[in-house]
Amino acid sequence: MDQTFASLDDTAQGRAAAWLARAQVRPTRQRISLASLLVGDGQDRHVTAEGLFMAAKSSGESVSLATVYNTLRAFCDAGLMNEITVDATRSYFDTCVEDHPHYFWEDTQELTDAPAGAVAFSRLPDPPAGAEISRVDVVIRLRRT
Ligand SMILES: [Zn+2]
């Protein structure tokens with residue numbers, strides 16, 4: 001699986017700091033580094049914790065995989081990212097928090113955006129008593145033909 005990341009240059013770190021500030025996330029040095037890799041070029045991306053961990057390592061940031069996971073979860077809790085679970089062993093983290101469907105490419109294990117607005121539900125089940133639907137994740141699995 002090939003994931004591309006932004007860099008850790010000053011512009012990227014500036015964008016990262018602003019991104020964290022928007023959600024009032026305390027800008028520790030490690031968070032700024034991880035956020036730079038995620039949003040430093042102003043592009044949205046879908047990443048796995050492992051992918052971000054490798055990118056951090058290769059840019060010289062010493063951080064554990066557990067810290068990367070915790071940081072991604074903290075970014076999700078702050079509303080900066082969404083976690084998309086593809087299967088029991090695989091979660092992706094998306095910097096685009098607008099409601100949108102995804103394609104999951106089974107051969108490359110890649111998650112990409114599907115056209116927003118191209119999915120329509122004619123019916124959803126009523127939520128159980130005392131509950132409401134907070135979000136519907138749509139992952140369309142693709143096999144190349
Ligand atoms: Zn997405």
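The exercises below work through the helix packing and the strand pairing of a predicted model.

Residues are numbered from 1 along each chain as its sequence is written. In this predicted model, local features need pLDDT of at least 70, side-chain atom pairs count only at pLDDT 80 or more, and totals for chains, interfaces and linings use all residues.

**Exercise 1. Confidence**

Task: State the average pLDDT of the protein, and find which element has the lowest mean pLDDT.

Solution. Step 1: pLDDT is the predictor's confidence in each residue, from 0 to 100. The protein averages 93, and 99% of the residues score at least 70. Step 2: helices (H or I, at least four residues) and strands (E, at least two) are DSSP runs, numbered from the N terminus.

**Exercise 2. Helices α1 and α2**

Task: Determine how α1 and α2 are oriented to each other, and which residues make the contact.

Solution. Step 1: axes are lines fitted to C-alpha atoms, for helices over the stretch in contact, and angles run from 0 to 180 degrees between N-to-C directions. Helix α1 (residues 10-22) packs on helix α2 (residues 29-39) at about 105°, with the axes 8 Å apart. Step 2: angles under 35 degrees count as roughly parallel, over 145 as roughly antiparallel, 65 to 115 as roughly perpendicular and the rest as oblique. The pair α1 and α2 is therefore roughly perpendicular. Step 3: from α1 the contact takes Ala-12, Gln-13, Arg-15, Ala-16, Ala-17, Trp-19 and Leu-20, and from α2 Arg-31, Ile-32, Ala-35, Ser-36 and Val-39; residues are in contact if their C-beta atoms, placed from the backbone, lie within 7 Å. Step 4: by class, the contact of α1 with α2 holds eight nonpolar, two polar and two charged residues. Here Ala, Val, Leu, Ile, Met, Phe, Trp, Tyr, Cys and Pro count as nonpolar, Asp, Glu, Lys and Arg as charged, and the others, Gly among them, as polar.

**Exercise 3. Helices α3 and α4**

Solution. Step 3: Ala-49, Glu-50, Leu-52, Phe-53 and Ala-56 of α3 meet Leu-65, Val-68, Tyr-69 and Leu-72 of α4. This contact has eight nonpolar, no polar and one charged residues.

**Exercise 4. The sheet with β1**

Task: Give the strand order of the sheet containing β1, β2 and β3, and trace its pairings.

Solution. Step 1: two strands pair if DSSP finds at least two bridges between them. The three strands form an open antiparallel sheet in the order β1-β3-β2. Step 2: β1 (46-47) and β2 are the edge strands, each pairing on one side only. Step 3: two bridges join β1 to β3, and His-46 has Asp-94 as its bridge partner. Step 4: β2 and β3 (residues 90-94) are joined by five bridges, with Thr-85 opposite Ser-91. Two residues lie between β2 and β3 in their hairpin.

**Exercise 5. The sheet with β4**

Task: Find which pairing senses occur between β4 and its partners β5 and β6.

Solution. Step 1: the open sheet has the order β5-β4-β6 and mixed pairing. Step 2: β4 (residues 102-105) and β5 (residues 110-113) pair in the antiparallel sense over four bridges, and Tyr-103 stands opposite Thr-112. Their hairpin has four residues between the strands, and Gln-109 in the turn has a positive phi of about 55°. Step 3: β4 and β6 pair in the parallel sense over four bridges, with Trp-105 opposite Leu-142.

Definitions and conventions:
Two residues are in contact if their C-beta atoms, placed from the backbone, lie within 7 Å.
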